[in-house]
Amino acid sequence: MKSMVILGSTGSIGTQALDVARLRNFTVKALTSNSNIDLLEKQIREFKPEIAAVADESRAAELRIKVADTDTKVLGGEEGICAAAQLDADKVLNSIVGIAGLKPTLAAIEAGNDIALANKETLVTGGELVTTRAKEKGVAILPVDSEHSAIFQSLQGSPGKQSVKRLILTASGGPFFGRTRDDLKDVTVEQALKHPNWSMGAKISVDSATMMNKGLEFIEAMHLFGVTPDDIQVLIHPESVVHSMVELLDGTVIAQLGVPDMRVPIQYALTYPERYESPAKQLRLEDWKTLTFEQPDYDTFSCINLCRQAITKGGVYPAAANGANEAANKLFRDGKIKFLDIADAVSGVLDSCLLYTSPSPRDTR
Ligand code: NAD
Ligand code: MG
């Protein structure tokens, strides 16, 4: 692995991916952002990519002027981001947030580029489309999400799907673990953004607080590993040391453990199957002494089961659940709705959704 493209380079995963690129001396061929051109300019000056793309066209025009003295070509809009995804590179890391990541993933696949995928919404909204096309084009999709990286790693060495009993997806429980529905009525955005173990972008932090994140990851796991809803168990593990597990037919459980540092799964997705030193701290189990696991509170954190219902129904249901969540998550962060309204929005949209079993771009209703 020598060259890469980073989509969403100004975000939490994107900047950590640049830490890895710096450490491993990767050539960074393209960098992209929604609108954060100040940080993108700094990144351009350090990494000297061929292309920088900004989704917001007017910000792209501003950046073009700012970096006119460099050799980097600045593109704008979704087309610009997709063009970055299609550059000739060993890997495209997709760390865009939300469904905005779907088209660039498809563009990378069309160009035959292997993908390190952080953008879980790609698989939640376009799972079948993406995995089918990736298979046809011989493109590898390597998980960056820590749980899916853990499952991917735990599966290595097992002879195949027939030897796997189930996947055990761990969840920290987020900042509101142990609270009742009543406790959550008036929680603030600031409280929701305070994740106990991980430092992440705003959208996924709120998704962790509602546990929609685990619901999205449930769907992501089904597409990545070709399993059914009954093959996945969710377990709360507040210490975030065991990043997920695989139970095999003979009762053996294989887990991947480590400190919560996204640079580990990011690097592994980029260098797979090779392993290298990483900047993460060493895991010291003797400091933990005890690791705990328990069942989720599905009544208080209803988003997990809403996602499970959505993927069980199939068709456009998962995309509808994702869309409702993206909108409601943003409205909550903007102070326009309350925390519990997010799950209600997802549930309401699923109730009024029509079943399209194989949505195509021509379905416009
Ligand atoms: P973030 O908000 O910190 O960064 C998002 C990036 O996407 C930014 O560079 C932003 O400019 C870009 N972006 C936003 N909207 C865009 C649009 N419409 N078009 C093009 N680019 C756009 O988010 P993050 O926390 O880094 O998360 C990124 C993805 O990785 C999400 O799908 C998230 O669920 C997933 N993920 C994140 C973490 C984490 O630790 N942060 C862990 C696992 C998975
Ligand atoms: Mg995760």
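## A buried loop residue

Met211 is buried, at 3% relative accessible area. Buried means under 20% relative accessible area, exposed over 50%, and partly exposed in between, with a 1.4 Å probe and protein chains only. Met211 sits in the loop between α9 (202–210) and α10 (212–225). Helices (H or I, at least four residues) and strands (E, at least two) are DSSP runs, numbered from the N terminus. Phi of Met211 is near 70°, a positive value in a residue other than glycine.

## About the model

This is a predicted model: local features need pLDDT of at least 70, side-chain atom pairs count only at pLDDT 80 or more, and totals for chains, interfaces and linings use all residues. Residues are numbered from 1 along each chain as its sequence is written, chains are lettered from A and ligands numbered from 1 in the order in which they are written, and side-chain values use heavy atoms, leaving out hydrogens and water.

Lys48 is exposed, with 62% relative accessibility.

Pro273 belongs to the loop between α11 (263–271) and α12 (285–288). A cis peptide bond links Tyr272 to Pro273, with omega about 5°.

## Helices α6 and α14

Helix α6 spans residues 121–137 and helix α14 residues 317–333. Their axes come within 8 Å and cross at roughly 150°. Axes are lines fitted to C-alpha atoms, for helices over the stretch in contact, and angles run from 0 to 180 degrees between N-to-C directions. The two helices are therefore roughly antiparallel, a term for angles over 145 degrees.

From α6, Glu121, Val124 and Thr125 meet Pro318, Ala319, Asn322 and Glu326 of α14. Contact means heavy atoms within 4.5 Å. The residues of this contact divide into three nonpolar, two polar and two charged.

## Val130 inside α6

Val130 lies in helix α6. Its relative accessibility is 0%, so Val130 counts as buried. Leaving aside residues up to four places away in sequence, Val130 touches Leu102, Thr105, Leu106, Ile109, Thr122, Leu123 and Ile141. Val130 and Lys103 are 27 residues apart in sequence and 9.7 Å apart in space, C-alpha to C-alpha.

## Cysteines

The whole structure holds zero disulfides. A disulfide is a pair of cysteine sulfur atoms within 2.5 Å. Cys353 is in none, and the nearest cysteine sulfur, that of Cys307, is 13 Å away. Cys353 is buried, at 15% relative accessible area. Cys82 is buried at 14%.

Notes: Parallel < 35°, antiparallel > 145°, perpendicular 65-115°, else oblique. Nonpolar A, V, L, I, M, F, W, Y, C, P; charged D, E, K, R; others polar.
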